[in-house]
Amino acid sequence: MRETKKDIILNASEELMYNNEQSKNEITVDMIARKAGIGKGSIYYYFKSKDEIIDAVIERCYSAAVNKYFADINSASSTFDKLNILMRSILKEEFLDNSRNVIMALHLQDDIILHYKLMTIAIRTISPILSRILTDGTKDGSVTTDAPLESAEMIIAMLTILLNTCVYKKNDESLIKKMKLFAEVLETCLKSEKGSFSFLYSSLD
């Protein structure tokens, strides 16, 4: 499929964001235009500002994780299989894949507003999917929650906070310890069997 001009703009922006040492604030629309090989005016036809471009790149990264989940969902036979696939899609595809680490790179920047954007976009993009899984899980008794959407939002918010405050390396002991504690909290709050959320940290060992 031929790339649209909007895709070209986003691809160029994404490449600048994870291949350069510049912070998000140092990247300009002029830089994006040069990287994309198009005129600056063409960028403003699709996006009102650089911040809108950054938001679109972040949303596309999280959407990639959701798309992977839907691509793999046929292999799921239980609620925890679905949860495993969704969480692994988020962790592996967005945070722990060194070849495409835009989200990781942005998390490492000292920018409170940017971190807030990462969290809100993650919640908006992923929470509805997680909410449906929790709803189905409540029906089959594998988890228990009277507020699936709110639970989903809190889980995604906590996940982004954990990944935001750790060094994102696959063998990082601090990240593994925190993810183990996070799994225990989920098992307690959702009244699920011990070890049900072990997949959150098993892939990090």
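This is a predicted model: local features need pLDDT of at least 70, side-chain atom pairs count only at pLDDT 80 or more; totals for chains, interfaces and linings use all residues.

Visitor: What makes up the secondary structure of the chain?

Guide: The chain has 10 helices and zero strands, where helices (H or I, at least four residues) and strands (E, at least two) are DSSP runs numbered from the N terminus. Along the sequence the pattern reads α-α-α-α-α-α-α-α-α-α.

Visitor: Why is C61 called buried?

Guide: Buried means under 20% relative accessible area, exposed over 50%, and partly exposed in between (1.4 Å probe, protein chains only). C61 has 4% relative accessibility, so C61 counts as buried.

Visitor: Why is C189 called exposed?

Guide: The relative accessible area of C189 is 53%, and therefore C189 is exposed. As for disulfides (pairs of cysteine sulfur atoms within 2.5 Å), a search of the whole structure finds zero.

Visitor: Where is S192 placed, and why does S192 count as buried?

Guide: S192 lies in the loop between α9 (173-189) and α10 (199-202). Its relative accessibility is 11%, so S192 counts as buried.

Visitor: Which residues is S192 in contact with, leaving aside neighbours within four places in sequence?

Guide: Contact means heavy atoms within 4.5 Å. By that criterion, S192 is in contact with F80, S142, V143, L186, E187 and F197.

Visitor: How many aromatic pairs does the structure hold?

Guide: The structure holds four aromatic pairs. Why is the pair of F197 and F199 called tilted? Rings of Phe, Tyr and Trp (its six-membered ring) pair if their centres lie within 6.5 Å; planes under 30 degrees apart count as stacked, over 60 as edge-to-face and the rest as tilted. The ring centres of F197 and F199 are 5.7 Å apart and their planes stand at 40°, so this pair is tilted.

Visitor: Which residues do ring pairs link into a cluster?

Guide: The cluster consists of F80, F197 and F199. F197, at a relative accessible area of 1%, is buried, and F199, at 6%, also counts as buried.

Visitor: What share of the chain counts as buried?

Guide: Of its 205 residues, 47% count as buried.

Note on methods. Residues are numbered from 1 along each chain as its sequence is written. Side-chain values use heavy atoms; hydrogens and water are left out.
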